Amino acid sequence: ASETGYDPRIVVTLGQYLLDFDQRDDALVEVRRGLERHPDSEALQRLERVFSAEDPTAILVTLIDESARTPLGKALTKHDIFATRGRFEEAAAALAEAEAIAPDDERVIELGFVRAANAGDTERATFYADRATETNADTVGGLTYKARLEMLEGDTAGAIATLRRARDTDELNWVAWRLLGRTSAMAGLQNDAVAAFEEAISIRPNDSGLITEYVRALVDMGRVDEALEVAREREGSAREDNAFIDLWLTLEGAFGDRQLALERRTKLLELYPEDRVNRAALARVHMDLSQFDPSIELIRGLREEADTIGLVGMEAEWHAARNDLVSSQAVFSEYIVEQDPETLTAQPYIEMGRFLLNKGITDRGLAALRQARGRQNETRREADKALGDAYMTLGRNDEAADSMLEVGEAGADDANGTYRKRLIEVLIRAERIEEA
């Protein structure tokens, strides 16, 4: 900008670029430098007003409203901005505005369907699915919507069959391939999931969301070396996607170049100091490199801002890495004592139990899981599940069977009958064949 004499057009472009990267203060500095040289510029005067606003989201919305986008484009962009910032009521209002303008637009139908599905509103989701079928919004006669409705209703096998029909109808429909990959992964058909994601990426090679799902599918299959290789190869196409960057750097930190993960996450910390996910991941990398002081500083800073059982577990791991399991146990105990007894759930006890079992402190680990039973949700039976899994791992099959029977009798098993299958296995191991 300085080389062009702070030409207002250049300053406007620079300011908007800096704002895209959440560098509002720097953007405002550049705009004011431009105004010093061009005080009559209406564009710079307007930018100074919006960049000075207290609410950064309001800045973006103002810029959108004053842009040359179509009314539909403005409404959809505002929806995305509000949704990514967790302002869901305003996102809903923006979507309603878009729907009033173009109810049959494929983007409007998709957003409406996803919103209804996420809310568990089958009736509303069916409304959008029918509209998608009528308008052929997905180019395969609404089959991708039909499949997602089937998933919403718990019919995974039906959804997979429908998506295969969609794939056969249009082999270049990347959305059908992507959904087939996602649904196959949920059904535990990991090889099918990976194959479907590979087909989707061959059609749409630079889609960061697709790349991220593909890498995750490889991780879920235990093919972490391959996942890391794909992430490295595709980094250039997905480097603007925060979810991809976090996944890639997590893989580097755990299985690859930890120094690279440290350097990149430290840079992200400088750019986005409020990013709690990155700060926690950076603490983990420091810990893995035995850099204990910066690790605990980050962990305790996060806990002071907003404590969670996940951060408690991380601090316990920090003590364990320094061979201090007494302090590890104390961290869990102190957290539990500090909670409101009226709202305390089973989860802290479960996490404590799993941690202790993982460290070989079996009796105390099981005791923590048994304590969790008094706090568990009676319809989910999360403590009984954790106990059953622990006993099964320890080879204590009769006790595992008792816990898993509790899960079944409460109707707390999942749609795949996971604990019924495990119950049969432990009954056979315990030679209780007739019960099995």
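Not counting residues up to four places away in sequence, N173 touches D138, T139, V140 and I203, where contact means heavy atoms within 4.5 Å. This is a predicted model, in which local features need pLDDT of at least 70 and side-chain atom pairs count only at pLDDT 80 or more, while totals for chains, interfaces and linings use all residues. Residues are numbered from 1 along each chain as its sequence is written, and side-chain values use heavy atoms, with hydrogens and water left out.

N173 lies in the loop between α10 (156-169) and α11 (174-186), helices being DSSP runs of H or I with at least four residues and strands runs of E with at least two, numbered from the N terminus. N173 counts as buried because its relative accessibility is 5%; buried means under 20% relative accessible area, exposed over 50%, and partly exposed in between, with a 1.4 Å probe and protein chains only. A polar atom of the N173 side chain lies 3.2 Å from the backbone nitrogen of V175, and a polar contact is a pair of N or O atoms within 3.5 Å, where within protein one must be able to donate a hydrogen and the other to accept it, and residues adjacent in sequence count only if both atoms are side-chain atoms.

S41 is placed in the loop between α2 (24-37) and α3 (42-51), and its side chain reaches the backbone nitrogen of L44 at 3.2 Å. Leaving aside neighbours within four places in sequence, S41 is in contact with P8 and L35. A410 is found in the loop between α24 (397-409) and α25 (418-429), and, with neighbours within four places in sequence again left aside, A410 is in contact with E378 and R381. From C-alpha to C-alpha, A410 and E150 are 26 Å apart in space, and they are 260 residues apart in sequence.

| Residue | Relative accessibility | Class |
|---|---|---|
| S41 | 13% | buried |
| A410 | 28% | partly exposed |

Two packed helices are described by the angle between their axes and the distance between the axes. Helix α17 (residues 276-288) packs with helix α18 (residues 292-305) at an angle of about 150°, their axes lying 8 Å apart. That makes α17 roughly antiparallel to α18, since angles over 145 degrees count as roughly antiparallel, under 35 as roughly parallel, 65 to 115 as roughly perpendicular and the rest as oblique. In this pair, residues of α17 including L282, A283 and M287 meet residues of α18 including F292, L298 and I299. By class, the contact of α17 with α18 has nine nonpolar, three polar and three charged residues.

For helix α5 (residues 71-84) and helix α7 (residues 106-118), the packing angle is about 25°, with axes 11 Å apart. That makes α5 roughly parallel to α7. L72, L76 and H79 of α5 make the contact with R107, V108 and L111 of α7.

How many helices and strands are there in the chain? There are 25 helices and zero strands. The C-alpha trace spans about 85 × 60 × 45 Å along its principal axes, and of the 436 residues of the chain, 42% count as buried.

Terms used:
Axes are lines fitted to C-alpha atoms, for helices over the stretch in contact, and angles run from 0 to 180 degrees between N-to-C directions. Ala, Val, Leu, Ile, Met, Phe, Trp, Tyr, Cys and Pro count as nonpolar, Asp, Glu, Lys and Arg as charged, and the others, Gly among them, as polar.
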